[in-house]
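The sequence and the structure come first.

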Amino acid sequence: MNTVSLRHALLGLLEDGPASGYDLTARFERSLQKYAWTARQSHVYPELKRLADSGLITVTEEGARGRRTYAITDAGREELRDWLLSPPRPRAVRDERVLRLTLLSALDIPQARELVRRHLEEADQHAAELRAFADAADTETHPRGRLRFGRLAIEYGIHQCQAQQRWAHWALEQLDQAEAAASTSPSQPERAPAGQEHQRG
């Protein structure tokens, strides 16, 4: 777990409004975990304590069973904005899905077609989920309207899914064309085993 990014993810969630640790974990699961960043409850609470100790957030309310509601401070907003405006650090790219697509040529055409179709189905499913999130966000009132927390990012995800869908349809066309070309090309004559060429006739 990259605690630096978790730190700023929590600041960003709190910038959208005060919340408890439980609420923040639920927000991760609802809006970040599947598409942007993963955080477990065991990571969230220790990081909230560190943020509070640093003066970047503050406890605004304490309830039963140790429940605490946190709010971002001015120092926290400054920290968040500085991080957002700074260039991202280089990262190692490890995307198993993209790696599989890169190695498609190792499969025969029917197998490659099946893999691309699975990729298309995943993109369709993700796009539908994101559109549902977008529709739900748009029906709720919020001071920032469509600029509310995560709304622009949801639209970014939808556009990514659309790009994946376009690629998958294109790739299926390429596979169909390659299969058609292979079926119409003349077959190669069978060669006689070595040493038997001069025994014929």
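In which helix does Ala26 lie? I found Ala26 in helix α2, where helices (H or I, at least four residues) and strands (E, at least two) are DSSP runs numbered from the N terminus.

**Ground rules**

I note at the outset that this is a predicted model, in which local features need pLDDT of at least 70 and side-chain atom pairs count only at pLDDT 80 or more, while totals for chains, interfaces and linings use all residues. Residues are numbered from 1 along each chain as its sequence is written, and side-chain values use heavy atoms, with hydrogens and water left out.

**Overall layout**

I counted seven helices and three strands in the chain, and reading along the sequence I wrote down the pattern α-β-α-α-β-β-α-α-α-α. Of the 201 residues in the chain, 29% are buried; buried means under 20% relative accessible area, exposed means over 50%, and partly exposed covers what lies in between (1.4 Å probe, protein chains only).

I returned to Ala26, which counts as partly exposed because its relative accessibility is 25%. I also looked up its distance to Gln41, 15 residues apart from Ala26 along the chain, and found their C-alpha atoms separated by 9.2 Å.

Asp23 also has its place in helix α2, which spans residues 21-32, and with a relative accessibility of 27% it counts as partly exposed. Between Asp23 and Leu13, 10 residues apart along the chain, the C-alpha separation is 9.8 Å.

Which side chain meets that of Asp23 in a salt bridge? I found Arg67 there, at 3.2 Å from N to O. This pair links distant parts of the chain, since Arg67 sits in the loop between β2 (57-62) and β3 (68-72) and Asp23 in helix α2, 44 residues apart. For the record, a salt bridge is a side-chain nitrogen of Lys or Arg within 4 Å of a carboxyl oxygen of Asp or Glu, and by this rule the count comes to 14. Arg67 counts as partly exposed, because its relative accessibility is 39%.

While at β2, I looked up Thr60, which lies in that strand and counts as partly exposed at 47% relative accessibility. Its C-alpha atom is separated by 9.7 Å from that of Ile72, 12 residues apart along the chain.

**Helix α4**

Is Asp74 buried or exposed? Asp74 is exposed, because its relative accessible area is 65%. Arg77 forms a salt bridge with Asp74, the closest N and O atoms being 3.6 Å apart, and both residues lie in helix α4, three residues apart, or about one turn of the helix. Arg77 itself counts as partly exposed, at 27% relative accessibility.

Together with Trp83 and Leu85, Leu84 forms a nonpolar patch on the surface, with about 360 Å² of accessible area for the three together. I note the rule for patches: residues with over 30% relative accessible area and no salt bridge, with like charges joined within 9 Å and nonpolar side chains (Val, Leu, Ile, Met, Phe, Trp, Tyr) within 5 Å. Accessible areas come from the Shrake-Rupley method with a 1.4 Å probe, and for residues only the protein chains shown count as cover.

Arg97 counts as partly exposed at 38% relative accessibility, and so does Glu122 at 33%. Arg97 forms a salt bridge with Glu122, the closest N and O atoms being 3.0 Å apart. I recorded that this pair links distant parts of the chain, with Arg97 in helix α5 (residues 96-102) and Glu122 in helix α6, 25 residues apart. Elsewhere, salt bridges that share partners join Arg7, Glu47, Arg50 and Glu79 into one network.

How do α6 and α7 pack, and at what angle? Helix α6 (residues 109-139) and helix α7 (residues 151-184) pack at an angle of about 160 degrees, with their axes 8 Å apart. Axes are lines fitted to C-alpha atoms, for helices over the stretch in contact, and angles run from 0 to 180 degrees between N-to-C directions.
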